[in-house]
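Hi,

Here's the structure I said I'd pass on.

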Amino acid sequence: MKKLVIATRRSRLALWQAEHIAARLRQSHHGLQVELLPMSTRGDELLDQRLDQAGGKGLFVKELENAMADGRAHLAVHSMKDVPAELPPGFVLAAITAREDPRDAFVSSKYKTFKEMPEGATVGTSSLRRQSQVVERHPGLEVILLRGNVETRLAKLDRGEYDAIVLAAAGLARLGLEARITAHLEADEMLPAPGQGALGSECRSDDREVVALLMQLADPATSACVRAERAVSRALGGSCTLPLAAFAEFHSGKIRLSALVASADGKRVLRCEAQGHAVDPEALGDRVAQDLRRQGAAEILGL
């Protein structure tokens, strides 16, 4: 193979992620040409609605998958937290690369922490997962919708439309905007989304040559952790309509997986933590999902 085309969203962060994988491919395969095919997705266009109301994470990937299906592109690069738990038939995640910072970031020019914020202060996010965890610990704060790319969200904060916003730390770091992070939110304060901080490369499952090229970029530890996290999501419905968090850490061949399901108002929060062998991360994820169901997750999620 002499040339690869990567389908990508047009945002600066998506382009950075696609170019990062392109550089890795060029480095691993001398003489390989890699080009980007920037595209606009439905998720990028619907900026006045919550993703859970507009159709979920698939809004960010459908157009990219169409480009692969009709031969305009060979692969697509995604932030793993944006990838639905179930891929359409005929597609595969051929590589999940080493995870960067999985944490969320508190960003504000007025306050250093959530605890400093007075009652009625506003927090911007488009994530039910973030919303439920914020209001659980800080019920006096008002969480309001914040959509758009990273730069758009920061601009809205700077204009005073929000007192604070919550963003993924990895996205800010990739864009050279780490200085905007007021505080990193540790997992015990804000449990991350499944796959947060990791990049995944998707391609057609029947394109064996591309699958083989991408598999060389995979990081085994990150892959096992993300597979466990996504198994929780898949077992509980698998979309961003769910206020669900899952985060796994790899140690000495084993995975410790923490997960959370919450009502959007933060009044009911279910948690589970378990450990299992990295050779079967999906089994660990299924076990954690079953425990959350026993605690009442189905009632919260309306399953």
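**Helix 8 and its surroundings**

The buried residues of helix 8 pack against strand 1 (3-9), helix 1 (12-28), strand 3 (75-79), strand 4 (91-96) and strand 10 (199-204). Contact here means heavy atoms within 4.5 Å, and buried means under 20% relative accessible area, exposed over 50%, partly exposed in between (1.4 Å probe, protein chains only). Helices (H or I, at least four residues) and strands (E, at least two) are DSSP runs, numbered from the N terminus.

Before you dig in: this is a predicted model, where local features need pLDDT of at least 70 and side-chain atom pairs count only at pLDDT 80 or more, while totals for chains, interfaces and linings use all residues. Residues are numbered from 1 along each chain as its sequence is written, and side-chain values use heavy atoms, with hydrogens and water left out.

Back to helix 8 (residues 208-215): its buried residues are Val 210, Val 211, Leu 213 and Leu 214. Looking down the helix axis, they fall within an arc of 165° (taken from the directions from the axis to the C-beta atoms), so they line one face of the helix. Arg 208 and Met 215 are exposed on the other side.

Over in helix 1 there's Gln 17, which is buried at 5% relative accessibility. Apart from neighbours within four places in sequence, Gln 17 touches Val 77, His 78, Ser 79, Arg 174 and Leu 199.

As for disulfides (pairs of cysteine sulfur atoms within 2.5 Å), the structure has zero. Cys 272 is in none, and its nearest cysteine sulfur, that of Cys 225, is 16 Å away. Cys 272 is buried, at 12% relative accessible area.

Cheers
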